[in-house]
Structure formats: structure tokens, C-alpha cells
Amino acid sequence: MLRIHFADNRQAPVWLVDERFTIGQDSRNSLVLAEPEISPFHAEIRQDHGQYYLSDCGTPGGTFVNGERIGARFQLRADDRVRIGQLELLLVDPARARPKAETAPRWYLQVIKGEHEGQKHHITGSMTFGRSVKCELCFSDLELSRRHCEFFLKDDVLEVKDLASANGVFVNQQKVSNAVLQPGDQVRMGSVTLLVIGPKVAAPQAVDEDATLFMPMLQLPKPTPRRPAGRQPAANPLRAAAQKNAVPVEVARPSPNRLLLVLLVLAISVAAALAAKLMT
């Protein structure tokens with residue numbers, strides 16, 4: 001069974017399960033594409049004994065397969081590229097697709113709550129999650145939409161996208177429409193909770209514009225006050241009054257004559273004492 005992939009990843013892949021699959025702008029088509037170059041009923045794919053045949057519905061812009069314009073009942077095969085207007089579609093046969101030999105399993109989703117608890121699912125490429133049997137990750141939880149969300153790898157970064165589900169997708173208790181997943185994240189849809197297991201991937205972090213940034217101050221030298229040329233600093237009136245009223249203090253210094261008189265008295269006293277001692 002073939003599956004249609006969108007080259008620009010605008011939406012999840014679509015299985016070709018109906019015998020008649022129509023493409024166009026009209027809402028009655030199996031695949032509705034609101035592009036200006038696409039006609040209301042642009043092309044159709046029919047199944048016939050396990051084979052797929054693409055026909056253009058006589059549109060002005062035409063339908064192209066691998067770069068060549070086709071008419072009616074062009075047989076499609078896996079890996080064909082179909083271009084309608086500016087939109088490119090890739091036909092994939094999942095049964096024939098083989099993972100690259102050098103790519104080792106790196107990302108898993110393990111059910112930690114709800115239906116199939118304990119099961120671990122290896123994530124490769126794009127995988128849809130929901131109640132539909134066409135989903136790669138199929139759960140019967142009534143709280144889930146038929147196509148609830150999509151997990152897909154892009155440059156070894158795992159992301160989840162809400163496919164307009166009724167009850168939403170929650171990553172770590174936060175409702176998201178599209179989110180980059182990290183190992184250890186918990187993703188909840190309905191009553192099912194999945195644990196993300198994988199390598200540590202450095203995803204770009206959003207800059208918080210409201211965060212306060214503290215920057216070191218630049219130490220500038222203190223400005224030296226300049227005095228105007230030709231002017232003397234004004235005198236402090238309080239200091240001038242204090243100096244005017246201050247009483248000068250004189251330090252008494254001994255005069256030379258008085259010092260000699262003291263020495264002479266000491267000498268006479270010593271001589272009298274010696275004389276008295278000798279007389280005794």
C-alpha cells in the first residue's frame with residue numbers, strides 16, 4: 001500500500017486506501033489542497049488489482065510525475081514524485097522502505113500510563129498517533145481523535161505536532177500545538193502518557209526578552225573641581241571670627257640668668273653639706 005508524503009511537510013502522510021482518491025480545491029475531494037494553481041477537481045488516483053493509476057482531469061496547469069506531464073492512467077510506483085501546481089508529493093511504500101544501515105535506533109516513546117502501558121515504540125521518520133488503524137501508533141482510547149498528533153524526526157531532532165485534535169497535546173503538563181521534545185519529556189494525549197527516550201539534543205533556546213540583565217558599572221575617575229582663573233576662594237566667615245577671638249598662649253621658657261642662679265644655689269648647698277660632714 002502506497003502512502004503520500006508532502007515534500008514541504010505541511011501535514012502528515014496520507015494512505016491510499018480508497019479505490020478512487022481525488023485531489024483538488026473542492027471540499028468534496030479526498031485530499032483538499034487550497035492552492036491557486038490547483039483546479040477544483042485536479043487529479044485522481046485509482047486502484048486496480050493492487051496497482052495505482054494517476055489521471056489528470058484536463059486541468060490547465062497539468063499534473064507532472066518525475067518532471068513529465070501525464071495524461072490518463074499513468075501507473076504510479078514507489079518513490080515517484082508527483083507535482084500539482086507548486087506542491088510536490090512523494091509516493092512511498094513503507095513495506096519496501098529500509099532504514100539506513102548507519103542509522104541506529106535513537107528515539108523511543110514508552111507508554112508509562114494508559115493503554116499498552118510498558119510498551120516501547122521506536123520512532124523513525126514520521127509517525128502518526130491516534131485511534132485510526134491507519135496511524136502507526138494506534139490506541140483505542142475514546143479521548144483520542146482519529147488522527148490526534150504526529151511525531152517526526154528532522155535532523156535527529158524529535159518534534160510533536162497536534163493535528164487539530166479535540167482534546168489537545170500536553171508536553172510536561174503544558175498544552176502545545178508544536179514542540180521540540182527532549183529525553184525525559186512526558187507527552188500526554190487523552191489518558192495515554194508517553195515518556196520520551198533518546199539522545200541529548202541541543203535544541204535552540206528561546207531568548208527571554210523580559211529577563212533582567214545585570215551589567216558591571218564602568219569605574220570613572222572623579223572629576224577635579226576647577227577654580228575660575230583670577231579668583232581666590234571665598235574666606236569662611238566662621239573660621240575668620242574664631243581666629244580673631246582666639247587668645248594666644250605663651251609657652252614659658254626659662255631665661256639663662258635664672259638657670260645660672262639655680263645652679264649656683266645647688267653648688268653652695270652641696271659645699272656646705274660637705275664642710276659640715278668634715279667637721280664632724
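Two strands pair if DSSP finds at least two bridges between them. Strands (E, at least two residues) and helices (H or I, at least four) are DSSP runs, numbered from the N terminus. The model is predicted, so to speak of local features takes a pLDDT of at least 70, side-chain atom pairs count only at pLDDT 80 or more, and totals for chains, interfaces and linings use all residues. Residues are numbered from 1 along each chain as its sequence is written, and side-chain values use heavy atoms, with hydrogens and water left out.

E10 covers residues 81-84. Its side chains alternate. Val 82 and Ile 84 point to one face and are buried. Buried means under 20% relative accessible area, with exposed over 50% and partly exposed in between (1.4 Å probe, protein chains only).

E10 pairs with strand E7 (residues 63-65). The two run antiparallel and are joined by three bridges. Thr 63 has Ile 84 as its bridge partner in E10.

E10 also pairs with strand E11 (residues 87-92), again in the antiparallel sense, over four bridges. Here Arg 81 has Leu 90 as its bridge partner. E10 and E11 form a hairpin with two residues between them. In the turn, Gly 85 has a positive phi of about 65 degrees.

**Cavities**

On a 1 Å grid over the protein atoms alone, a cavity is a set of points where a 1.4 Å probe fits but cannot get out; lining residues have an atom within 4 Å of a point. Grid points are joined across faces, edges and corners, and a volume is the space filled by probe spheres set on the points. How many cavities of 30 Å³ or more does a search of the whole structure find? It finds two.

In the table, Ala, Val, Leu, Ile, Met, Phe, Trp, Tyr, Cys and Pro count as nonpolar, Asp, Glu, Lys and Arg as charged, and the others, Gly among them, as polar.

| Cavity | Volume | Lining by class |
|---|---|---|
| Largest cavity | about 40 Å³ | nine nonpolar, no polar, no charged residues |
| Second largest cavity | about 40 Å³ | three nonpolar, two polar, two charged residues |

How values were computed: 1 Å grid on protein atoms, 1.4 Å probe; cavity = no way out; pocket = protein on both sides within 12 Å on 5 of 7 lines; lining within 4 Å.
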